[in-house]
Amino acid sequence: MLEAMWSGLTQVLSFPALGLMLLGIPIGLIIGAIPGLGGNLGLALLIPFTYGMSPIAGFSLLFGMHSVVQTGGPMSSILFNAPGTGPSAADCLDGFPMAQQGKAGRAIGAALVSSIAGSIIGAIGMAILIPFVRPLILAFSPAEFFMMAILGITFIALVSGNSLLKGLLIGGLGLMMAFIGMDPITGVARFTYGQLWLFDGVKLVPIVIGLFAGSETISMILKGGSIVEGDVQVGNDVFDGVKDVFRNWWLVLRCGIIGYVIGLMPGLGGEVSAWVTYGHAAQSSKHPETFGKGNVQGVIAPAVAIHSKEGGALVPTLAFGVPGSSAMAILLGAFLVLGLQPGPAMLKEHLDVVWAMFWVVIIANIIGAMALLAVAKYLTLLTVLRSSLIVPFIMVFVMLGSYLTSNSITDLAITVAFSIIGYAMKKFDYPRAPLVLSLVLGGIAEKNLQMSLQLWGASFLTRPITFVLLILTILSVAYPVWRAINKKNGKPEVAA
Amino acid sequence: MKYLTSGRMLFSALFVVVFAVLIVTATGYNPKARTFPLIVAVPVFLGALANLVVDFRIVQRGEKPKKEKSETKSPITVAEATPAEPAKKKEKLSGTAKRRRELLGIAWLIGYVLAITFLGFPIATIGYMVVFIHFFNRESWKLTIIYTAIMWAFIWIAFVYFLKSNLYPGLIFEWLGI
Amino acid sequence: MKSTLNRMHVLFVVALVATVLSVILLAGCASPTPTLVPPTAVPTKAPVSSSSSASSSVASSVAPTTVPPTQAPTAVPTPVATAAPTAVQPDLAFYNGKTVTFIVATKAGGGYDTYARAIAPYIQKYLPGSTVIVKNVDGAGHIIGANETYAAKPDGLTFGTFNTALIFSQIVGAQGIQFDLTKFTWIAKMASDNRVLLVGAKTPYKTIDDAVKASATKEVVLSSAGLASASNIDALLLQQVLGLKVKMIAGYTGNDSDLAILRGEVEGEVGSASSLAHFVDSGDGRILLQIGLKKDPTLGAAPLLSDIAPANKKAITDLLLVDASIGRLVAAPPGVPAERRLALVQAFQKAMADPEYLAAMQKQKLPVDPAFGDDVGNLIKSSLSHTPEDLAMLKALLGPALSGQ
């Protein structure tokens, strides 16, 4: 195995592989940073170029691009409150407040180093655990997915800040929105009111872009100024952000593992990993009330998870030929073009290619993150740009991103509507995060519940892993309640 | 009177109405399909009513929501998040002037999207940027043109040239048959 | 300051009025006056002759190859001449300097998208001077993309690819359909992909007969992506034809079903041969039945549905066959001038005969099995014409699944 490791490494570091990787990295960063462009589009565009390449060269290009998409995503989340990718929406919650406080550099530094950490954890998980992971993957069924989604939904309470009631209302709204569309299980088109474009449900990207970034533009037109409020020096704290990641190494490790495990389960997706780890970070922190106001841990947790999740998604793809995510489905096609057949055979015959992927993921992330770190200071200048210049910049990219999601003009109307709604929500103390959380998880929860009931009836709750998750969920709900009761009784706050 | 015009009350009331509509719609579906929507919508509807009451009290008090006292000092220094004190010399709008300005912000968004719909993305974007930066914010022509040109160059190279995306051509052009 | 606010006040009111107007306009444009044609019930054709003519035309016009040829293309069926009156010349000059839009009714990265992007550069090659771009318009199970293709300007600059299974949707009159499959300008189809019934290796069913017999006491548990999906519809139709009692568990989108079968959660699924082949290779599954015009050699001993289906179920069998034999179809809006249609058809013919294209497709293990023009169109038309009894039966069977009641 060591020879395979070494062989993979040397092949990646030689041309043409290295050159192709260097070509893929900026493409991935830009695709990630621009809202509305997905990594899948990049893959679909690049794959035709890989015809005729050797496997390792082809993978250097594809993985070089794909691994850094999630590195670019948090950049726009932090700077403009506009998530570049769906999963990086969780980084808006604390990243943007940090930018508003003039700490954009620190947030960016933290996010970038978290990216490296997350991808290393994911890559190690992929390469080392593949032989052992089969039973683990097979142990998770719709029942477990349902409980995981419910657990995630309970995190709504954590991201609601001060207004629990309003947070729950918004969470409920998100769940209702998740129900919109043709329900595959019953075949009923719910809440579509005859509109065909609602058939597949509401699209996450236009909503989130409008909710977070669009509403900011309205704010900025209102009060002028720049993203940063007041006169603050920006850009000097990038290294602080780097240090933050090391300071929080235990959180990083936990989130990396959670993200990896979620990635192993096909169908859960990057958003789930981002929000579950965000909620976990908030829950395990001694000061959960600081989340949403600029706590750097809230930036680190999702940034780590969205990268380790990619490593996890590779596992079923390589081990079984079953794609772990939609991007992996596309990559499977690439495997075939390059002459590889994923599955146990590949692990035996082409072990060096597997290790090459391991190295590409890590090296591409390091290079990508380093490149951004170098310019981080200049990126933060965007936050002090005055509103007359930054507002059109944001608005154009918001609308562009929203339209490009599916070439549909109705998405723009949705973005505008949610910009207005988001602004109103901000003004009247309604937290916005629960909407995204429940929108993402609601569909997963209901679908898997229906499937579990169909498969096993109500006894699905007695499955071992499901039961454990159920207990965790109950604890997760009970704990803040218990804490609140203690506070009311005047007891000094029990350290978490 | 202030209850009727208060945005806060309107929003809370809207919440209640929306969920009432959702509940009514949901009951029209077959039993299996309506279970979960109802399980969610009914409690939320009740919560929305409670919320309406809460917001009513807030408006009564003069739009200053009771802030939770979070005495615990956090190790991570969080800047006092709400910059309520107008210590800086930024203009502090209030009352109707503030509302007008808010509506203005909304109008810009709507106007931009309308422009995209009718004139197509390229023209709308360039037009919007020029009008916003120069006419509305009174920046110099030089700055406006350079900034717009750079942004447009980036968009064009990345999206039209490389990605060959379909930037929306605009309804007017469709109607004119171009 | 005050005057600025007043001006902007007016601007806002104007914007508001304009918004209301354009919302109304957009709502009108987004759903153009539907030229919806109810599924044709053709009472004049006697049941026997209609189905047999359908199957005979299928047999004669579809190219016999299912394995992508490694050398020069196999004989492209001559019927192109029948696609247009003999005097028509392909109008290649028109395409010089123009942008051609290839609409794909799925998101980037799916099977249809892959086929479209693979052939796009070759279409461009054989329409000299043109630029072919792929536009993804996904939603509502290919309906939105098909709608957009149908409503596009019939100038020969737009065509689209979408799921053949829309046949079922049209038969049943599913919500939201704004096209009529019989009226599209048919250009080509790119592949055929046998449908197969796969069961897990651990299940006790060794042959299709085992499964049918066993299902009498305990239904066979099959996964599907959703009620309206091909996997569900095919299974329900199979139930009708073979008497195979099934319990469908819906919700397994994408490849989720693969893991479900491995876990033993479900016993099998109905899907396309190309997507399920890996099960056979890895030994994790068995193919009990294949649906198609001819046996796919990689699928082992599984019998063809047409060989074992009872004769009185011909209508349904043929329907299933059409879905299997017409894969990755390409159509343009109704009313494209004959010269331009011919240009497009010929471009597809040359592209699908191009050795580079074929080599690339073979590497990706994507089957190539072309047919062009009216061959495709006639098949589609015949699959949509049924006797009133058959139509009623199909509607009763598929209706609940597809129209979201």
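How are H4(A) and H13(A) oriented to each other, roughly parallel or roughly antiparallel?

**Figure 1. Helices H4(A) and H13(A) pack against each other.** The axes of H4(A) and H13(A), residues 296-320, lie 9 Å apart at an angle of about 165°; axes are lines fitted to C-alpha atoms, for helices over the stretch in contact, and angles run from 0 to 180 degrees between N-to-C directions. H4(A) and H13(A) are therefore roughly antiparallel (angles under 35 degrees count as roughly parallel, over 145 as roughly antiparallel, 65 to 115 as roughly perpendicular and the rest as oblique). Their crossing is right-handed: a crossing is right-handed if the near helix is turned clockwise from the far one by less than a right angle, and left-handed if anticlockwise. Ser67(A), Gln70(A) and Pro74(A) of H4(A) meet Ala303(A), Ile306(A), His307(A) and Glu310(A) of H13(A). Residues are in contact if their C-beta atoms, placed from the backbone, lie within 7 Å. This contact has three nonpolar, three polar and one charged residues (Ala, Val, Leu, Ile, Met, Phe, Trp, Tyr, Cys and Pro count as nonpolar, Asp, Glu, Lys and Arg as charged, and the others, Gly among them, as polar). Helices (H or I, at least four residues) and strands (E, at least two) are DSSP runs, numbered from the N terminus.

This is a predicted model, in which local features need pLDDT of at least 70 and side-chain atom pairs count only at pLDDT 80 or more, while totals for chains, interfaces and linings use all residues. Residues are numbered from 1 along each chain as its sequence is written, and chains are lettered from A and ligands numbered from 1 in the order in which they are written.

**Figure 2. Helices H6(A) and H10(A) cross at roughly 40°.** The axes of H6(A), residues 104-139, and H10(A), residues 238-247, come within 6 Å. The angle makes H6(A) oblique to H10(A), and the crossing is right-handed. Residues of H6(A) in the contact include Gly105(A), Ala110(A) and Ala117(A), and those of H10(A) include Phe239(A) and Val245(A). By class, the contact has nine nonpolar, four polar and three charged residues.

**Figure 3. Asn81(A) and Asp429(A) sit in loops of chain A.** Asn81(A) is in the loop between H4, residues 55-80, and H5, residues 90-100. Its phi is near 65°, a positive value in a residue other than glycine. Asn81(A) is buried, with 31 other C-beta atoms within 10 Å. A residue is buried if 20 or more other C-beta atoms lie within 10 Å of its own, exposed if 12 or fewer, and partly exposed in between, with C-beta atoms placed from the backbone. Asp429(A) is in the loop between H18 and H19, residues 433-456. Phi of Asp429(A) is near 70°, also positive in a residue other than glycine. Asp429(A) is partly exposed, with 17 other C-beta atoms within 10 Å.

**Figure 4. Chain A touches chain B.** The contact takes 55 residues from chain A and 57 residues from chain B. On the side of chain A, the elements that give two or more residues are H8, H9, H17 and H18. H17(A) gives the largest share, 10 residues. That side has 28 nonpolar, 16 polar and 11 charged residues. In chain A, buried residues make up 70% of the 496 residues.

Conventions:
Contact = placed C-beta atoms within 7 Å.
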